[in-house]
Amino acid sequence: MMSRSYTNLLDLASGNFPLMGQRKRLPRVMTVPGVISELDDDQANSVTSDVPSSIVQDRVIIVANQLPVKAKRRPDNKGWSFSWDEDSLLLQLKDGLPDDMEVLYVGSLRVDVDSNEQDDVSQVLLDRFKCVPAFLPQDILSKFYHGFCKQQLWPLFHYMLPFSANHGGRFDRSLWEAYVSANKIFSQRVIEVLNPEDDYVWIHDYHLMVLPTFLRRRFNRLRMGFFLHSPFPSSEIYRTLPVREEILKALLNSDLIGFHTFDYARHFLSCCSRMLGLEYQSKRGYIGLEYYGRTVGIKIMPVGVHMGQIESVLRFADKEWRVGELKQQFEGKTVLLGVDDMDIFKGVNLKLLAMEQMLTQHPKWQGRAVLVQIANPARGSGRDLEVIQAEIQASCKRINENFGQPGYEPIVFIDRPVSLSEKAAFYTIAECVVVTAVRDGMNLIPYEYIVSRQGVSGSESGSESSGPKKSMLVVSEFIGCSPSLSGAIRVNPWNVEATAEAMNEAISMADAEKQLRHEKHYRYVSTHDVAYWSKSFFQDMERSCKDHFRRWCWGIGLSFGFRVVALDPNFRKLSIDSIVSAYSRAKNRAILLDYDGTVMPQTSINKTPSEDVILILNTLCSDPRNTVFVVSGREGIA
């Protein structure tokens, strides 16, 4: 059977354009379990429903690997209790969206829900939280998240190549298939509640990079954006991925693709150029990729912190975590602070080595300087992580043994979950925050520190609440927030000696200089918060999608080669009769023929024209009204 996308292509070639009639609408929300048809590789047209929408304003569906809710079993083990995860970026970004915009979330839960409970859980989450859970089978979940995401994408995007079977994860086709299957399940959950004419879809992070293709196959004019929260590697690294083109083409089915920094966007554009032959254009400050008649926007905007949440925590941090007791504990000491996930890319051991170097090169800090390192629990596992953990423990033990004194330990290592309230208390007493990640997508720790040091009026938790505010930062040049912190001391974390000198400089700097740098940072962080980020991204997504329902669109291609061809409504197919008539009337004609592709097939090994081609050329040249050009980049063509 001929595929639907191929018949659309035939329509395009023949100039037969369907009429744009009244579109049918999907129901806003499915409140009862239903049967959702599988994604058919041959069905590329938009899906509609006879049920009209009861709400006409725009709505945004935010899709991510995990929902912004916490779930736990009830004490009687009968059912589940749910609550919002206030620390989730997905929840915080609502502040930047229009007040009258409805927000719906699609994602998975952090807990395993039995199949016989899934319908009830889905209904509760939809009714109370406007969340649609995607339940992944355990075999797919393990290969999707712990396999392809954490063993292959995550290391590669952080510049770690699998040079051996024991160093990183070699490409495994079954893990890729699980990744695709998981993305397809997410797409089915989105399709259940999607109204393609009114809704925007905003997809987040590397877990769902092929989701745009599944949705675009169903809804050619769907308004869809994607934001990558991790780094995007250089083309030399990315090109090693066996499914490199599949992922690039899937992302290009979005209307807007967002990155934290210019470098990440530049790497993506370079990959599109080198692997797909696409070139970008910059117009009026906007970057766009022309892709089969569609302009895919490129957005560069680093995410920020939620000012309201941090300020709320600060108002109670002195009571909840007894900031005064921490000040008493470290009285007479200069506190440097590190807050990192237990991850192989966070450079925690490099930070410890730099602290050791600083104490060695600057003995005046022995007995006076303390590095408090908070290590959030590891999200993944593996041999590399175990090696890093062992190195960190060994470094802490050695430094404390060599430089410790009665009542003084230069390294205070906190290896447990720490709430934002407790972190705020440590931020308040820290003279400097040190971030030495060797690669990190964004890292908001410096932003949180700056806001905490500023404090809030009426609270004792701010630094020197009665005097000028000051703070200092030593940050790796390989993290996403580094370009936005012009007053920070940037370091190459691999250079331990230089990092040690930067730490010494930061805590030795005059208070007036610290104050100036703090004020500069606070102005930026307070105005470029998470609401500013989400508002900016959404406005650009609206701009990128404004012509969707004005253009003719056809879906063509199979699997991850699928794309939408978009044409202006004024486009008309050239008529052969019109060309012949114009040719006959013309008194002077310029005819340009490309050698490869017109005179000779591009795939032909023998590039000598046939007798028939020579005869046609001679016939054209014999007409005095014709001037014939043969265009070629080949050498030796006369």
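1. F259 stands opposite I300 in strand β11, where strands are DSSP runs of E with at least two residues and helices are DSSP runs of H or I with at least four residues, each numbered from the N terminus. Strands β8 and β11 (residues 294-300) pair in the parallel sense over four bridges; two strands count as paired if DSSP finds at least two bridges between them. This is a predicted model, in which local features need pLDDT of at least 70 and side-chain atom pairs count only at pLDDT 80 or more, while totals for chains, interfaces and linings use all residues. Residues are numbered from 1 along each chain as its sequence is written, and side-chain values use heavy atoms, with hydrogens and water left out.

2. Strand β8 (residues 256-259) is covered on both faces, with L256 and G258 buried on one side and I257 and F259 buried on the other. Buried means under 20% relative accessible area, exposed over 50%, and partly exposed in between, for a 1.4 Å probe and protein chains only. Strand β7 (residues 223-227) is joined to β8 by three bridges, and the two run parallel. The bridge partner of G225 in β8 is L256.

3. These strands belong to an open sheet of nine strands with mixed pairing, in the order β5-β4-β1-β6-β7-β8-β11-β10-β9. At its edges are β5 (131-133) and β9 (280-283), each of which pairs on one side only. On average, neighbouring strands of this sheet are turned by 25° against each other, direction ignored; axes are lines fitted to C-alpha atoms, for helices over the stretch in contact, and angles run from 0 to 180 degrees between N-to-C directions.

4. Helices α4 (residues 138-157) and α5 (residues 173-193) pack at an angle of about 115°, with axes 8 Å apart. Contact means heavy atoms within 4.5 Å; the residues making it include F144 and F148 of α4 and W176 and Y179 of α5. By class, the contact has 11 nonpolar, six polar and one charged residues, where Ala, Val, Leu, Ile, Met, Phe, Trp, Tyr, Cys and Pro count as nonpolar, Asp, Glu, Lys and Arg as charged, and the others, Gly among them, as polar.

5. The loop between α4 and α5 contains L161, a buried residue with a relative accessible area of 17%. L161 and Y238 are 77 residues apart in sequence and 9.7 Å apart in space, C-alpha to C-alpha.

6. The largest nonpolar core has 178 residues, of which V63, M209, F232, I247 and F268 touch the most other members. Such a core is a set of buried Ala, Val, Leu, Ile, Met, Phe, Trp, Tyr and Cys residues joined through side-chain atoms within 4.5 Å. Helix α5 gives the most to this core, with 10 residues. Leaving aside neighbours within four places in sequence, M209 is in contact with residues including L153, Y179 and I247.

7. Helix α14 (residues 420-429) is mostly covered, with 10 of its 10 residues buried. Among them are E422, K423 and F426.
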